Amino acid sequence: MSLTKNKISYSLAINQALIQLIKSDGSIVLLGQGVKSPWYVGNTSRDLVKRFGEKRVIDTPVSENAVTGIGLGLALAGSRAVVVHPRMDFMLYAMDPIINQAANWNYMYGGGIKVPLVIWGIINRGGEQGAQHSQALYGIFSHIPGLKVVMPSNPYDAKGLMISAVYDNNPVIFIDDRWLYNLEQEVPEEIYRVPIGKAEIKREGKDITIVSASYMLNESLKASDELNKKGIYPEVIDLKTIKPLDADLILKSVKKTGRLLIADASWKSFGVSSEISALVSENALSSLKAPVKRLCLYDAPAPASSQLEKAYYLTKDDIIREVKNILK
Amino acid sequence: MKKSDLIKFYKQMLLIRRFEEKTGELILKGEIKTPCHLCIGQEAVAVGVCSALDKQDYVFSNHRGHGHYLAKGGDIKKLMAEIFCKETGCSYGRGGSMHIIAREQGFMGSAPIVAGTVSLALGAALALKIKMEKRVSVSFFGDGATGEGVLYESLNFSALKKLPLIFVCENNLYSTHLPIRECRPDIGIFKIAQPFGIKAFQIDGNDVLKIYETAKKAKKMCLVSKGPVFIECLTYRQSGHVGPNDRIQSENKDIRPKREVEAWKKKDPVKRIRNLIIDKKVLESQKLEKIEKEIEKEVEEAYKFAKSSPICKKEEINKYVFNQE
């Protein structure tokens, strides 16, 4: 099938996915705080209320716990629901409906129950917002059996993964990052899916494997391009889905390169980077020519001060430095 | 009230009573291990409310859910098998007493996180409203749930969107061990709905006829966009918080005054409807005894089914983590 392409931003790719989904399937409902607002969820929900009305696109009071449970109730009653949390820090109010309820619902009644629920949390860091407006909490959700967690790094995947998440019959945590919202790319105009559970090699290489996702993947690509000029060829993997993790692709790459750097823009301890490191030590230890390295945030809350923010967040330069250290 | 309704109510309430008594007996014998929150003394609420509903109406329930399940038409054998955590249970042995379901009867699931299913009932009601279907959604919860913030979020949202939803609070005066006067400054729970403009009733939760009438009225209101409706049913659990009595966990753990328990037993909802049937000469006691024997037989058969059912297979431990469809 040949697809018509349009160059659009990451946030408008999500917007396009939502428009096409809601238009094509009468059972889809979007709800959450700010879907009517011009700023809360960026322009991801642009014109949705105007196009589809307040029955299908519901702006809600700040009641994250109830609203997420309502999303689950909609899903159990045959709708496909997307609940948006414009700052994922507020999503912590919804831990009960996400973890106790949605994640367990199919298992605890012995299967056969569809839970077509997308819980969409936006990471909203930077800009001196401080500890409670900056957290990247995907590690918590990845720990929970019954949840899928996706984190697109570019407009193409953002649209395709949102569509896959909506059509999945399990609860999917869709996490994007405001730092990606202006990133532009050619995206097919049609509805298409990016499979959940599949990672992708974005740069083929031989010297080291760099694993990352979302915003950090783009830093890894920039780092890789610069390293190429110095004769170093990293293999860069975009996880796209955190859970279920594409273990096969990671292991295959590490067995080829013999080295692994995990660049993960969240906390180091007990997180996604720990899981990937454990995966490799359990299954590919003998292939390693150097110890696995992890480049993560400090185990500290996000600071407000922009000077401290610069020290806190990771960039391509940190990746380049770390790769050179490993290859020394 | 039709005579046949009275008999139907009595049969359903007695079925729940005998089921729960049998369950309690099996707990004491050690045959049942899953924690069971028995609803002995509260049968009128389940039967009164569910009798006012149709099969297509949704019910979401809590930890004390056996009565709701049976009153909504759930299969008794599958329920007992689930309590035995067997493969033939309504949740294939994965749920136990606290996670039961009968979706084919509109019983959408029970779960024990206090107030945890209230918002789910809202979501189902919202789905009905969006699809403009003439059905309602019911949320059963206890007085303990009034300590949870999500209940107030749910009252606000459901009133804001005028959802076809009936909140049914079974006020049995105790939140696990803690008496209601130690949980709330004002024990009149129905009042919490009023600031949201929700029509609220406080009724005798041991009077099945009153509950049925109120639930019917509530459903009618919901169907003409006058929902949600809040019903507080004043009742009492005659058994322990978990298990047949609170002594099974160790010596003499029932903190409730003996006189209080005895006083409520005099208001027993099952005896009340039975006496009414005799007083009104709906059926003579001989015929009632025949019905009672049949119900005992039904419970006994459920027990036999559960006991003789196969256990879950170890190799299927991961089977239902994700829906593969």
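**A guided tour of chains A and B**

Begin by displaying both chains: 42 residues of chain B are in contact with 38 residues of chain A. Please keep in mind throughout that the model is predicted.

**Stop 1: the interface**

The size of an interface is often given as the accessible area lost when the parts come together. Between chain B and chain A, about 3400 Å² is buried, and carbon and sulfur atoms give 64% of that area. Select B:Ile130, B:Phe322 and B:Asn323 next. These residues supply 19% of the area that chain B buries against chain A, more than any other three residues.

**Stop 2**

Which residues form a salt bridge here? Select A:Lys114 and B:Glu325: these two form a salt bridge, and their closest N and O atoms are 3.2 Å apart. Across the interface of chain B and chain A, one salt bridge is found. The count of residue pairs in polar contact between the two chains is twelve, with both residues of each pair at pLDDT 80 or more.

Now colour chain B by its helices and strands. Strand S1 (58-61), strand S2 (107-110), helix H5 (118-130) and helix H6 (149-160) of chain B each supply at least two residues of the side that touches chain A. H5(B) gives the largest share of that side, nine residues.

**Stop 3: charges over rings in chain B**

Remain with chain B and select B:Lys267 together with B:Trp264. The charged end of B:Lys267 sits over the ring of B:Trp264, 3.9 Å from its centre. Then select B:Arg256 and B:Tyr174. Here the charged end of B:Arg256 lies over the ring of B:Tyr174, at 5.8 Å from the ring centre.

**Stop 4: an aromatic pair in chain A**

Over all chains, a search of the whole structure finds 16 aromatic pairs. One to select is A:Trp179 with A:Tyr313: the ring centres are 5.0 Å apart and the planes stand at 80°, so the pair is edge-to-face. Where in the chain do these two residues lie? A:Trp179 is in the loop between strand S7 (172-177) and strand S8 (184-188) of chain A, whereas A:Tyr313 is in the loop between helix H10 (306-312) and helix H11 (316-327) of chain A. The pair thus links distant parts of the chain, 134 residues apart.

Is A:Tyr313 buried or exposed? With a relative accessible area of 8%, A:Tyr313 is buried. A:Trp179 counts as partly exposed, because its relative accessibility is 35%.

Terms used
Residues are numbered from 1 along each chain as its sequence is written. Chains are lettered from A and ligands numbered from 1 in the order in which they are written. This is a predicted model: local features need pLDDT of at least 70, side-chain atom pairs count only at pLDDT 80 or more; totals for chains, interfaces and linings use all residues. Side-chain values use heavy atoms; hydrogens and water are left out. Rings of Phe, Tyr and Trp (its six-membered ring) pair if their centres lie within 6.5 Å; planes under 30 degrees apart count as stacked, over 60 as edge-to-face and the rest as tilted. Helices (H or I, at least four residues) and strands (E, at least two) are DSSP runs, numbered from the N terminus. Buried means under 20% relative accessible area, exposed over 50%, partly exposed in between (1.4 Å probe, protein chains only). A charge sits over a ring if NZ of Lys or CZ of Arg is within 6 Å of the ring centre and within 35 degrees of the ring normal. Contact means heavy atoms within 4.5 Å. Buried area is the accessible area (1.4 Å probe) that two parts lose on being put together, summed over both. A salt bridge is a side-chain nitrogen of Lys or Arg within 4 Å of a carboxyl oxygen of Asp or Glu. A polar contact is a pair of N or O atoms within 3.5 Å; within protein, one must be able to donate a hydrogen and the other to accept it, and residues adjacent in sequence count only if both atoms are side-chain atoms.
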